[in-house]
Protein chains: 2
Amino acid sequence: MNLASDQQDIKREKILEAAYQRFLHYGYSKTTMNEIAGDLSLSKALLYYYFPDKSQLYIAVMRKLATEYIGNLRDKLSTFENLKEAFVFQVDIQHDFIVKNYNFFDFFRVNEQNLPDTIWEIITEIHHTEMQLLSAAIRIEADKGHIKPVDNPEQIVDLLLDALHGVRVSAVSHKKVMFPKKEHLDEIHTKRLLLLDIFIKGLTA
Amino acid sequence: MNLASDQQDIKREKILEAAYQRFLHYGYSKTTMNEIAGDLSLSKALLYYYFPDKSQLYIAVMRKLATEYIGNLRDKLSTFENLKEAFVFQVDIQHDFIVKNYNFFDFFRVNEQNLPDTIWEIITEIHHTEMQLLSAAIRIEADKGHIKPVDNPEQIVDLLLDALHGVRVSAVSHKKVMFPKKEHLDEIHTKRLLLLDIFIKGLTA
DNA sequence: TTTTGATAATTTTGTTTAAATAGTCAGTTT
DNA sequence: AAACTGACTATTTAAACAAAATTATCAAAA
């Protein structure tokens with residue numbers, strides 16, 4: 001039974017990988033189940049044997065990406081030297097994540113208003129992890145006396161993440177674009193680093 | 001000739017006011033030229049005597065609102081005691097402006113991707129004014145020695161405005177709501193003040 | 001248990017027509 | 001002449017429908 005299960009997992013992985021490539025390259029709506037099956041020389045029906053429907057397949061890929069992302073975050077954030085380094089790690093890794101998977105998130109832009117609950121759960125999970133790791137970082141720094149004592153680190157991190165998010169959505173709003181285009185991402189990144197700089201100085205007593 | 005011109009201006013104003021009320025109440029696309037004309041007991045054709053088309057009428061209202069907004073900003077910002085007060089003024093006034101005219105901006109959400117150039121000019125003008133007034137505030141504070149010298153105040157203000165914007169749009173994004181509700185407004189406001197606090201401390205040498 | 005071809009169900013796309021609304025203009029009123 | 005209108009045309013939106021594409025199912029085969 002374990003053998004069979006392993007085999008199944010391997011195939012599942014292959015499907016996830018093929019689906020990811022398609023979604024990344026063409027976006028959600030311009031990817032058909034036939035094409036994914038075709039890439040693997042499988043019948044479309046088999047996809048439905050492994051995944052209940054197209055959106056669940058997409059979500060499964062998303063979950064995989066999220067898990068990797070969270071993993072990266074944990075690994076790097078456990079080894080920071082100071083607060084700024086920790087925050088910069090977070091910004092950098094998020095930046096890379098978004099740049100690398102830009103087209104994959106097409107789904108988000110199209111369904112902007114009503115994303116499936118499962119997607120929201122993943123977003124929440126990521127947010128939670130970020131909060132947890134960064135507020136831990138703040139606590140440690142406060143204990144070391146590098147910054148002044150903060151009675152509610154979560155609140156500070158939440159605020160910072162919001163502010164960083166603002167740099168993302170708003171940095172381009174005077175440029176006739178509502179959603180950041182790929183070519184703006186670097187500018188956004190620079191701005192974010194500057195914000196981190198000022199913000200951290202603001203925390204330092 | 002001036003008499004005639006004055007009369008025309010008065011009527012123009014009345015049309016702008018009636019149009020504003022309709023746009024504010026029903027949004028752009030659910031307001032018809034017939035209705036606006038009806039509210040004033042005028043023929044629709046007369047609207048076209050005063051304004052070339054519907055969108056120009058909307059833009060004229062928008063321009064009027066923008067002028068008022070900018071006026072408010074200038075008045076208040078010229079009398080600030082310290083940097084924080086100036087920033088808080090800006091936050092408060094912008095907040096009021098958006099809350100009051102919330103439905104009017106329907107037009108923006110619908111035409112999100114391709115707003116007319118004239119609208120963008122108005123947005124740019126507002127942004128310009130905000131930048132100008134707030135960066136002047138920074139310069140004055142820097143001269144007074146209250147904060148450390150800043151070589152590019154505009155950049156700092158731009159960043160701060162983005163960050164503040166983020167607190168607005170993002171404070172609710174984990175709650176599956178796109179636009180803030182009444183019960184979130186206080187939370188947003190508090191968050192923004194906290195951000196201002198940290199940000200200004202970050203500027204203080 | 002895994003896989004597929006054939007088929008059903010659903011969604012998207014394109015087309016036509018009718019209705020609503022924007023916009024024009026010759027002519028009337030002030 | 002400037003301000004205004006009713007009746008008209010032009011455009012845009014909405015609804016209804018058919019055709020095409022795509023998702024999803026299932027009985028049967030490997």
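Reader: At what angle do the axes of helix H5 (residues 83–100) and helix H7 (residues 117–144) of chain A cross?

Author: First, a caution: this is a predicted model. Now the idea. Angles run from 0 to 180 degrees between N-to-C directions. In this case the axes cross at roughly 170 degrees and come within 9 Å.

Reader: What does that make H5(A) and H7(A) to each other, roughly parallel or roughly antiparallel?

Author: Angles over 145 degrees count as roughly antiparallel. H5(A) and H7(A) are therefore roughly antiparallel to each other. From H5(A), the contact uses A:Leu83, A:Ala86, A:Phe87 and A:Gln90. H7(A) brings A:Glu130, A:Leu134, A:Ala137, A:Ile138 and A:Glu141. By class, that contact holds six nonpolar, one polar and two charged residues.

Reader: Now chain B. At what angle do helix H4 (residues 54–77) and helix H7 (residues 117–144) of chain B pack?

Author: The angle is about 5 degrees, and the axes are 10 Å apart. Angles under 35 degrees count as roughly parallel. So H4(B) is roughly parallel to H7(B).

Reader: Which residues of H4(B) and H7(B) meet?

Author: On H4(B), look for B:Ile59, B:Met62, B:Arg63, B:Ala66 and B:Tyr69, among others. On H7(B), the partners include B:Ile119, B:Ile122, B:Glu125, B:Ile126 and B:Leu133. The contact of H4(B) with H7(B) has twelve nonpolar, two polar and four charged residues.

Reader: Let me step back. How many helices and strands does chain A have?

Author: Chain A has nine helices and zero strands. Along the sequence the pattern reads α-α-α-α-α-α-α-α-α.

Reader: What share of the residues in chain A is buried?

Author: Buried means 20 or more other C-beta atoms within 10 Å. In chain A, 29% of the 205 residues are buried. Contacts tell a second story. Take those in chain A with a separation of 6 or more: residues 24 or more positions apart account for 63% of them.

Reader: How many Å should the 18 residues of helix H5 (residues 83–100) of chain B span?

Author: At 1.5 Å a residue, the span should be 26 Å. The end C-alpha atoms of H5(B) are 26 Å apart, which agrees.

Reader: Which residues of H5(B) are buried?

Author: They are B:Leu83, B:Ala86, B:Phe87, B:Phe89, B:Gln90 and B:Val91.

Reader: On to the DNA. How many residues surround DNA strand D, and which are the closest?

Author: There are 17 residues around DNA strand D. A:Thr32, A:Ala45, A:Asp53, A:Lys54 and B:Ala45 are the closest. Both chains take part. Helix H2 (33–39) and helix H3 (44–50) of chain A each supply at least two residues of the surface near DNA strand D, as do helix H1 (2–26) and helix H3 (44–50) of chain B. H1(B) gives the largest share, four residues. The residues of that surface divide into eight nonpolar, five polar and four charged.

Reader: Which residues come nearest to DNA strand C?

Author: Of the 17 residues around DNA strand C, the nearest are A:Ala45, B:Thr32, B:Ala45, B:Asp53 and B:Lys54. Here H1(A) provides the largest share of the surface, four residues. The classes near DNA strand C are eight nonpolar, five polar and four charged.

Reader: You named B:Asp53. Is B:Asp53 buried or exposed, and what decides it?

Author: Count neighbours: 12 or fewer means exposed. B:Asp53 has 11 other C-beta atoms within 10 Å, so it is exposed. B:Asp53 sits in the loop between H3 and H4 of chain B.

Reader: Which residues does A:Leu40 touch?

Author: Leave out residues up to four places away in sequence. A:Leu40 then touches A:Lys14, A:Ile15 and A:Ala18. A:Leu40 and A:Ile15 are 25 residues apart in sequence, yet 7.6 Å apart in space, C-alpha to C-alpha. A:Leu40 lies in the loop between H2 and H3 of chain A. With 15 other C-beta atoms within 10 Å, A:Leu40 is partly exposed.

Conventions: Residues are numbered from 1 along each chain as its sequence is written. Chains are lettered from A and ligands numbered from 1 in the order in which they are written. This is a predicted model: local features need pLDDT of at least 70, side-chain atom pairs count only at pLDDT 80 or more; totals for chains, interfaces and linings use all residues. A residue is near a molecule or strand if its C-beta atom, placed from the backbone, lies within 6 Å of it. Ala, Val, Leu, Ile, Met, Phe, Trp, Tyr, Cys and Pro count as nonpolar, Asp, Glu, Lys and Arg as charged, and the others, Gly among them, as polar. Angles under 35 degrees count as roughly parallel, over 145 as roughly antiparallel, 65 to 115 as roughly perpendicular and the rest as oblique. Two residues are in contact if their C-beta atoms, placed from the backbone, lie within 7 Å. The expected span of a helix is 1.5 Å times one less than its number of residues.
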